[in-house]
Amino acid sequence: METLKGIQQNKMFINGKWVSALSNETFDVINPGTGEIIDSVPLGREGEAILAVDAADQAFQCWSEKTANERSSLLMNWFHLVLDHKEEIASILTAEQGKSITEARGEVDYAASFISWNAEEAKRIYGETIPASAQNKRIVVIKQPIGVVAAITPWNFPAAMFTRKIATALAAGCTAVIKPAESTPLTAIKLTELAHEAGIPAGVLNVVTGDPKTIGKAWLDDKRVKKITFTGSTPVGKYLMREAADSIKKVSLELGGHAPVIVFDDADIEKAVEGVISSKFRNSGQTCVCANRIYVQRGILPEFTEKLKNEVKKIKVGIGTDLDVNIGPLINEAGYLKVQRHVDDAVKKGAKIELGGKRMEQFQGGYFFEPTILSGVHEQMDIMNEETFGPVAPIIPFEDRNEAISQANNSDYGLAAYVYTESLSTAIKIAEKLEFGIVGINDGLPSTAQAPFGGVKQSGIGREGGRQGIEEFLENKYLSIRI
Ligand code: ADP
C-alpha cells in the first residue's frame, strides 16, 4: 500500500527505531470524509507497550540530567521543524481526522505553540527556599521530573493533544510513551519523525499504536510508569484513574465537557453569535470545550436565534481538502449515531429544528451532519445531559442571572463555560459563580498554550498549558539541611 504523502513511516517508534508489531499485524486508518483506507499502522499490544516503557525507563536518567537549556533547545528544534512541515502535517490531519485544511493548519500552529511554550517553561522550573524554624537549619525545595509518563490522546486534536502532553513532559525532564487514538495515529507518527530529526534522543519519546485496552493495561500495571496523562471520554478517564490507584500513579485527566454559553440581553449580539459559531461548530462540534447548551435571555431570544441561523447557514460543510470548506465530517458512524439520537430525542420531546437536523446524504462514505439549531430545548432532553460531539446548537431561554447560573452549573461536567454581556460587573459575578475550569468572557476561543486548560467536577483533574502545566510532571522534593 502506498503511504500517505508526507509520512516516511507507518510504524511504531520504540527506543529510537521504527518497528512493526511483534505479531506483524496492522490496522487500517480511514479517511472519515470518504471512507477510504489511507494507510495502515502496526497493531501493538502489551508486548510493545512494555518495550516502550523499557526504553523510556532507560532513557530517563540521561534525559533528566540534561540541563534545562539543552532540553529547551532540542524542543525548539522540534518546534521549528513542525512549523517547517506545517503543510504536510495539516494534510495528514485532514486525511485522517476529516477537519478542513484551514482548521488543520490552525491546529498545527496551536500544536507548535505548546512546544515553544514548554521549551521556555523548562528554563523556569524554580524551586524554593523557606525560612526554617531553627537557626541551624535550612529548608530548600527542588523540583524534579516525575519519571516515565504514559500519555493517551484522542482523535479530535491529534497534533495539539500530542504536543500538549509530550512537550510538557519532555520539558520537565520526563521521558514518555504515548498511544495515539486508533483513528488518528498518522499525525502522531509524523510529529515523532520530526522530534527524532530535531535530535530528541532514543527512548525519550516512544509511540505505540494499536489496541487501547492491552496497551493501557500494560502501562497501568507497570510500576515504572509514574504518571498517566489522558485526554478522552469520562468513562475511560474514570477507568484509568481507578486502575492507576494500584500503584499510586499521578493522573492528569482532561475529559468530557458540556459547555454552557450564557447570552445576556445586554450582550453584543453579533459578538455572541460569532463566539457561539466558533465554539460550537469548530471541528464539526467535536471538541470538549464546544458550546453544548446555549442559554439566551428571553428579551433577545428571537433576534439572537435569527442572527445565529443566518450565520450558521453560511457554514460550508464538505471534504476537508476543498479549500472553501469550513467544517468536515463526524469521525465515524458511532459519532454520527449519537448526534442523530440527540436531535431525534429532542424533537420527540418538543424541540423545534430551526436549521439542519440530519445527515448530508450527498457525501458517500463519510458521516457529514448538517449544522443544526434547535429551539424549545429543555432539561429532560438527552442533548442537555450528554456531550453531543457534533454540530448541533440547542437554544434554551432564561429569565434572570440566578436561573442562568443554576442551569449552567446543573451538570456533572465542568470544563468550559462562556458568558456574553457588555456589563463588566455581570461578567465577573457570573464567571466567579460558574463551576468550570475555563470561562470565556465574550470569547468563544479561550484555549491557548499560555493559560491553564482543564476542568473541574467530572471533566477532569490537572491542568495543561500555562505556568501550571509543567508542574503536573514534577515532584517537589524538600531538603532539610542542618548546618
Ligand atoms: P472516544 O470515545 O471519543 O474515542 P475514548 O475515551 O474512547 O474517546 O478515547 C480516547 C483515547 O483513549 C483513545 O486514544 C483511545 O484509544 C483510548 N482508550 C479507549 N479505551 C481505553 C482503555 N480501556 N485503556 C486505555 N486507553 C483507552
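## Helix pairs, cores and buried loop residues

Helix 2 and helix 4 cross in a left-handed sense. This description rests on a predicted model. The axes of helix 2 and helix 4 (residues 101–121) come within 8 Å of each other, and the crossing angle is roughly 165°. Angles over 145 degrees count as roughly antiparallel, and that makes helix 2 roughly antiparallel to helix 4. From helix 2, the contact involves Ser 72, Leu 75, Met 76, Trp 78, Phe 79, Val 82 and Leu 83. Helix 4 contributes Val 108, Asp 109, Ala 112, Ile 115, Ser 116, Ala 119 and Glu 120.

A further pair is formed by helix 3 (residues 86–97) and helix 6 (residues 185–197), with axes that come within 8 Å and cross at roughly 160°. Helix 3 and helix 6 are therefore roughly antiparallel to each other. Helix 3 passes helix 6 in a right-handed crossing. On the helix 3 side, the contact is made by Glu 88, Ile 89, Ile 92, Leu 93 and Glu 96. On the helix 6 side, the residues are Pro 185, Leu 186, Thr 187, Lys 190, Leu 191 and Leu 194.

Leu 81 belongs to helix 2 (residues 68–84). Is Leu 81 buried or exposed? With a relative accessible area of 14%, Leu 81 falls under the 20% limit and is therefore buried. Beyond its neighbours up to four places away in sequence, Leu 81 touches Leu 194, Glu 197 and Ala 198. Ala 393 stands 312 residues from Leu 81 along the chain, and the C-alpha atoms of the two are separated by 38 Å.

Next come the nonpolar cores. In soluble globular proteins, nonpolar side chains tend to be buried together. The largest nonpolar core here has 52 residues. Those with the most contacts inside it are Leu 75, Trp 78, Val 82, Phe 162, Ile 166, Leu 170 and Ile 200. A second, separate core has 36 residues, including Ala 291, Met 360, Leu 415 and Ile 438. Which residues does Phe 162 contact, leaving aside its neighbours within four places in sequence? They are Trp 78, Thr 153, Phe 157, Ala 167, Ile 178, Ala 188, Leu 191, Thr 192, Leu 205 and Val 207.

Helix 7 (residues 212–221) has buried residues too: Ile 215, Gly 216, Ala 218, Trp 219 and Leu 220. These pack against helix 1 (46–65), strand 7 (148–152), strand 8 (175–179), strand 10 (225–231) and helix 8 (234–244).

Thr 421 sits in the loop between strand 18 (416–420) and helix 13 (424–433). Besides Asp 266, the residues that Thr 421 touches are Phe 264, Ala 267, Thr 426, Ala 427 and Asn 442, not counting residues up to four places away in sequence. Ser 411 lies in the loop between helix 12 (401–409) and strand 17 (413–414). Apart from neighbours within four places in sequence, Ser 411 is in contact with His 258, Arg 293 and Lys 457.

Note on methods:
Residues are numbered from 1 along each chain as its sequence is written. This is a predicted model: local features need pLDDT of at least 70, side-chain atom pairs count only at pLDDT 80 or more; totals for chains, interfaces and linings use all residues. Side-chain values use heavy atoms; hydrogens and water are left out. A nonpolar core is a set of buried Ala, Val, Leu, Ile, Met, Phe, Trp, Tyr and Cys residues joined through side-chain atoms within 4.5 Å. Buried means under 20% relative accessible area, exposed over 50%, partly exposed in between (1.4 Å probe, protein chains only). Contact means heavy atoms within 4.5 Å. Helices (H or I, at least four residues) and strands (E, at least two) are DSSP runs, numbered from the N terminus. Axes are lines fitted to C-alpha atoms, for helices over the stretch in contact, and angles run from 0 to 180 degrees between N-to-C directions. Angles under 35 degrees count as roughly parallel, over 145 as roughly antiparallel, 65 to 115 as roughly perpendicular and the rest as oblique. A crossing is left-handed if the near helix is turned anticlockwise from the far one by less than a right angle, and right-handed if clockwise.
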